[in-house]
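Have the model open while you read.

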Amino acid sequence: MAAATAAFTTALGAQSQWIAEGPQRGLPSPTAAWRPYDEDLAHPANRIFAAAFLVELVPAEVGLALPAEAENAARHGADARHFGKRPGEERDRRLFGGDGLQLPRESFPEAESKALLAALDGLRGEPLEAMRKTTFACVRLQNDILRLARRLLDTDANPELLAPLLDAARRLALPRSQLLDSGLATFAPTDLADVEPTIDPSRLVEVERRSTRLFDAEHTLLWSRVFFDWPEGKGRAFAEELAAIAAGSAPSVPAGARAILVQGIVALDDRGAPCATPLAIDVRLQQFVGVTDPAAAKATTTRDGVDFRVFWLARETLRTKGGRVSLRDFREVGDDDQVLFRDYGTLKHTTVGAQCTLCHRVSGTPEPELAGFPLLRKTAQSRVASSPTARLELAEREFVKFLATLASAAKRDSVTTR
Ligand code: HEC
């Protein structure tokens, strides 16, 4: 009974962190308490998280897909609901972020910079030693810290924070053997059947590719792997299709084709080298439903034939489950949930569905033959993966460039401020 009650309150707690219904569905609740790394709200790790991932701001852009923009969207025609946007204004100020994937912070006013410095400084001695006993927490918090440093490099803000962020990331660094422990794995292709029983994991084929900047670990600090599930008996087999694309043919995508994108953390190890850990935090399922049945196509995420499901792993889940996490434990984010996205450098408040549709729709693009799969573009050079570690090794090489940039910026700054 006691255990059941505890499980019940935890579930309620998790739910109330996000606004479940209404015009701001999916945003973090302004009254929620976030305890991603420790029960104690005031723990330095929770304060570092909050500094980066809980930010009240005016978005640069507001998507017309938001329920509150329905009238505005209607005035601009059918497509505006997905693609329309307007500049943000003071009345659009909200709390963004939460224990998800997107990092809303762009810069810190002086007082907040000082508070973050104090939190980083608190991550020494006993609290640090306690953190270092949990590999999951070290890897995830270090990634939060390094992603914040990446962001400040990109926005050219708060140079005084770079050296302390890098230093804190180094204090959380663990030996490579510990970072590669299979107990840290939160995703296996076989888990997909738990959330999508129609997937047969044995049919998945991993592809290697030339990634765009969106998936370059120098910028994302994440590795990314993509698996395809290609229907049989409806045209070319998958490997033949890729060969045909490489030889210059237009892709021919059968209805039912699926892709699964998985992103996981590249950590900094205790020798200063990158390590692609098995800790996955983002899983996205994509299916080309087809365009021949207009009603079925309209019911998809893009409204024109491509369906998505998105799963993000909460830090708090890692903590409360004490590891032993699989895809079932990820939080599914719905098409209508709202997120502050920052792709291409702009803080944009819109729905998940509208954001994915921007780059993955079938109609109204110069390349309808891709059926929403940019990986099937000839320039992506997709090919059947030579090994399951190829993409992980690539991500480690990309991450080295980020480390070099950060280390030199941090050094430059600590020289000029002393
Ligand atoms: C700014 C453009 C953009 C947005 C927005 C975007 N993607 Fe993508 N996506 C891409 C590109 C480009 C690739 C090709 C991968 C690469 O570069 O390595 C891709 C690849 C993928 C793949 C792998 C299969 C493929 O080729 O489509 C999945 C799955 C995916 N994205 C899901 C999503 C989901 C879900 C969303 C919304 C949360 C989303 N994407 C938003 C640009 C985008």
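48 residues of domain 1 touch 42 residues of domain 2, where a contact puts two C-beta atoms, placed from the backbone, within 7 Å. Domain 1 covers 17–178 + 401–416 and domain 2 covers 181–396, with bounds from an automatic or database domain assignment. Their C-alpha centres sit 23 Å apart.

This is a predicted model, so local features need pLDDT of at least 70 and side-chain atom pairs count only at pLDDT 80 or more, while totals for chains, interfaces and linings use all residues. Residues are numbered from 1 along each chain as its sequence is written.

On the domain 1 side, H7 gives the most to the contact with domain 2, with 10 residues. Other elements that each supply at least two residues include H8, strand E4 (94–97) and helix H16 (390–416); helices (H or I, at least four residues) and strands (E, at least two) are DSSP runs, numbered from the N terminus. By class, that side splits into 23 nonpolar, 11 polar and 14 charged residues. Here Ala, Val, Leu, Ile, Met, Phe, Trp, Tyr, Cys and Pro count as nonpolar, Asp, Glu, Lys and Arg as charged, and the others, Gly among them, as polar.

The axes are lines fitted to C-alpha atoms, for helices over the stretch in contact, and angles run from 0 to 180 degrees between N-to-C directions.

| Pair | Angle | Axis distance |
|---|---|---|
| H7 (135–155) and H8 (162–171) | about 155 degrees | 9 Å |
| H2 (44–53) and H7 | roughly 35 degrees | within 10 Å |

H7 and H8 are therefore roughly antiparallel to each other (angles over 145 degrees). In that contact, Gln 142, Ile 145, Leu 146, Leu 148, Ala 149 and Leu 152 of H7 meet Leu 162, Leu 165, Leu 166, Ala 168 and Ala 169 of H8. That makes 10 nonpolar residues, one polar and no charged.

For H2 and H7, the contact is made by Ala 45, Ile 48, Phe 49 and Ala 52 of H2 with Leu 141, Asp 144, Ile 145 and Leu 148 of H7. The class count there is seven nonpolar, no polar and one charged.

What surrounds the ligand? There are 22 residues around it, the closest being Ser 211, Ala 259, Cys 356, Cys 359 and Leu 375; a residue is near if its C-beta atom, placed from the backbone, lies within 6 Å. Strands E7 (258–268), E8 (274–288) and E9 (306–312) and helix H15 (352–360) each give two or more residues to this shell. H15 has the largest share, six residues. The shell comes to 14 nonpolar, five polar and three charged residues.

Definitions and conventions:
Angles under 35 degrees count as roughly parallel, over 145 as roughly antiparallel, 65 to 115 as roughly perpendicular and the rest as oblique.
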